[in-house]
Amino acid sequence: MSASLPLPDFRHERVETLTGRRSGLFLAVALHSSVLGSALGGARLWTYPHWSDALGDALRLSAAMTLKNAAAGLDAGGGKSVIQLPEGTVLDAERRRAAFLDLGDAVESLHGLYRTAEDVGSTTEDMLIVSERTGHVVGLPETGGGSGEPAGPTSLGVYESLRATLERVTGSADVEGRRITISGMGQVGSRLAVRLSAEGARLTVTDVNPAKRDLASQLGAEWIAPGEEHLIPADVFVPAGIGGLLTDEVIDSLDARAVCGPANNPLADHSGAVRLARRGILYAPDFVVNAGGVIYLDLEAKKLGTREEIMERVAGIGDTVRRIFDEAESAGVTPLEAAEAFAAERLRTGATVREHALA
């Protein structure tokens, strides 16, 4: 999945690895930073060829969550948890439950420094199982009084980011008639496709799951084989699947004016941002674009505003993307560099406040 992706500098506060005593599965919980508050990041259940690949993904994703939460203005640090499914493993209901009970124990061992939630491969129902072992979990089912599935808020943030990106490359935020390619039709990608189709966008979509072709047909979208989607001319290319899609080879042949999507770590290498810029392709940084879900989950859990007020803040991600583009142009750097500087400044401020509190 992502064994080829480079690891971040190891500056994590704490990393727990274990074999679940009930499930027998490898689990990793990575706390990258609690400078701004209790870390928040989802629990990924995915197939990895080796436990070290799962651990590497947890390290990368948790570091990205620190940037995401900081750039989103949340009082929350960055963390992530990963449950490895060895290749060929299919969980029955009993072992799946066991895996998330194991995760609950692992999260509880961090004593509130990390809060988990659903992520790729996991659900709000899985989080209900986690909650049997720890209170440090958000995004429980709405039927039980929780905040529910965060894919809707994530999709809204991506939509507003895409409008901001279109505005920068075409002069208008209107999606009607624009050529948009979506690579990955999961929870967020599908929601985004439905909205864009309703607003008259010309869609090309793909997914590793061929069953998603039915939705493409319903939306009147062109279906393209996975691995070829970047060759289709587009105003905006939307990576909405697993990370690492934008390799040097893909970037060099990418036929798009801009990249803006919800996938975490879509660049196979950090230098990909420069490579895109040299080709004149505008890049909206993923950890800014996809922050809608975590904003929703954090503010809902802390009761900071009504549902309507929280969704207004999610929609404000578009303005954050505009600010990032402006600062990048002014400083003569890539949008990724501008976004990282934006997040780093907030982390520096938070570190200073914490140092004074501990003095």
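## Surface and charge

Accessible areas are computed by the Shrake-Rupley method with a 1.4 Å probe. In this predicted model, the protein chain has an accessible surface of about 14900 Å², and carbon and sulfur atoms hold 50% of that area.

The protein chain carries 35 positive and 49 negative side chains, whose centres lie 2 Å apart. Lys and Arg count as positive and Asp and Glu as negative, without His and the chain ends; each charge is placed at NZ of Lys, CZ of Arg, CG of Asp or CD of Glu.

## Basis of the values

The model is predicted, with pLDDT of at least 70 needed for local features and 80 or more for side-chain atom pairs, while totals for chains, interfaces and linings use all residues. Residues are numbered from 1 along each chain, and side-chain values use heavy atoms, leaving out hydrogens and water.

## Fold

The protein chain has 13 helices and twelve strands, taken as DSSP runs (H or I of at least four residues; E of at least two). Of its 359 residues, 55% are buried, meaning under 20% relative accessible area with a 1.4 Å probe.

## Cores

A nonpolar core is a set of buried Ala, Val, Leu, Ile, Met, Phe, Trp, Tyr and Cys residues joined through side-chain atoms within 4.5 Å. The largest has 76 residues, and Leu162, Ile182, Leu196 and Leu203 have the most contacts inside it. Helix α4 (residues 151-170) contributes the most, with eight residues. Another core, of 22 residues, lies apart from it and includes Ile83 and Phe100.

Note on methods
Buried means under 20% relative accessible area, exposed over 50%, partly exposed in between (1.4 Å probe, protein chains only).
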